[in-house]
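User: Hi! Could you walk me through this protein, one question at a time?
Analyst: Happy to. Let's look at it together.

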Amino acid sequence: MKTLVVALGGNALLQRGEALTVENQYRNIDSAVPALAKLARTYRLAIVHGNGPQVGLLALQNLALQDVQPWPLDVLVAESQGMIGYMLAQRLAKEPDMPPITTVLTRIEVAQNDPAFDSPEKYIGPVYQPEQQAELEASCGWQMKRDGKYLRRVVPSPQPKRIEESGAIELLLKEGHLVICSGGGGVPVTESGKGAEAVIDKDLAAALLAEQIDADGLIILTDADAVYENWGTPQQRAIRQATPAELAPFAKADGSMGPKVAAVSGYVQRKGKPAWIGSLTRIEETLAGEAGTCIQR
């Protein structure tokens with residue numbers, strides 16, 4: 001069996017603006033699980049998931065205890081890995097003919113001097129109204145930024161350099177396990193081993209994982225069904241096949257498709273293996289080249 005790394009977008013866990021409840025998260029997971037389970041019968045599967053809304057919720061819960069110092073983001077990322085990994089494993093295990101399912105708490109090394117620490121850009125937590133910015137920044141000590149018509153908290157998002165547990169993940173895959181790992185982009189730790197107050201981009205983490213374990217392919221699942229040229233115009237067209245060079249104009253750090261294009265393009269350039277961007281509901285068609293976007297050298 002070939003090994004495939006799948007990056008599961010946050011929309012598969014919680015819809016934008018949706019209440020951060022266990023029931024809502026399980027309902028969204030239940031919608032995603034059948035497609036993932038079908039994939040797991042054909043591939044050795046490593047699943048990486050986002051955690052933006054969930055880690056933001058944990059940070060909010062932190063603030064409820066006025067007499068306790070808030071826990072740092074690296075610890076909250078670890079908490080969210082356990083929470084989401086458990087929920088995914090519970091639902092996947094109910095599917096027929098599933099391999100053993102293992103969730104791996106994953107640490108990822110980042111550089112202590114990464115410039116991202118001086119320029120927070122990664123969105124976490126729920127959305128707010130723009131007029132709440134001054135109040136939230138004053139009362140919570142957060143940095144806020146517009147996300148479309150809403151406002152969200154932003155935190156540093158350094159580049160992932162090395163996955164500490166990649167050897168264990170590779171071993172579990174070879175033993176036939178479905179592995180849930182690098183959740184929320186992984187727990188950020190510096191070269192010294194100290195946790196970092198940051199959140200790593202899960203698509204970059206998934207690309208690094210695919211590279212380190214020498215996976216046969218990488219697929220990023222999102223709410224968009226492909227990369228489009230001329231998006232939002234009458235001339236928009238889905239790009240079915242492209243090289244990293246051809247997709248370079250789309251690899252902008254704009255918080256939407258750009259980081260996904262950058263992540264898969266880097267993997268394809270370094271490993272010479274294919275990657276895909278597509279919709280969760282059309283995984284098989286994406287891998288077959290009938291939907292989504294396939295990136296190859």
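**Strands, a serine and a cavity**

Analyst: In this predicted model, E109 stands opposite R162 in β8.

User: Which strand is joined to β8 by two bridges?
Analyst: Two bridges are found here, and the two strands run antiparallel. In general, strands of a sheet pair through backbone hydrogen bonds. The partner of β8, made of residues 107–109, is β4.

User: Which strands stand at the edges of the open sheet?
Analyst: The sheet has three strands in the order β8-β4-β10, with mixed pairing. An edge strand has a single partner strand, so one side of it is left without a neighbour in the sheet. The strands at the edges are β8 and β10.

User: Is S182 buried or exposed?
Analyst: S182 lies in the loop between β9 and β10. S182 touches residues including V48, H49, T106 and L209, leaving aside those up to four places away in sequence. Buried means under 20% relative accessible area. Because its relative accessibility is 0%, S182 counts as buried.

User: Which element gives the largest share of the lining of the largest cavity?
Analyst: The structure holds one cavity of 30 Å³ or more, and its lining includes G56, I124, W142 and R153. The largest share, four residues, comes from β5.

User: How many residues of that lining are nonpolar?
Analyst: Among the lining residues are L60, P126 and Y128. Two of the lining residues are polar and one is charged. The number of nonpolar residues is six.

Note on methods:
Residues are numbered from 1 along each chain as its sequence is written. This is a predicted model: local features need pLDDT of at least 70, side-chain atom pairs count only at pLDDT 80 or more; totals for chains, interfaces and linings use all residues. Side-chain values use heavy atoms; hydrogens and water are left out. Buried means under 20% relative accessible area, exposed over 50%, partly exposed in between (1.4 Å probe, protein chains only). Contact means heavy atoms within 4.5 Å. Two strands pair if DSSP finds at least two bridges between them. On a 1 Å grid over the protein atoms alone, a cavity is a set of points where a 1.4 Å probe fits but cannot get out, and a pocket is an open set with protein on both sides within 12 Å along at least five of seven lines; lining residues have an atom within 4 Å of a point. Grid points are joined across faces, edges and corners, and a volume is the space filled by probe spheres set on the points. Ala, Val, Leu, Ile, Met, Phe, Trp, Tyr, Cys and Pro count as nonpolar, Asp, Glu, Lys and Arg as charged, and the others, Gly among them, as polar.
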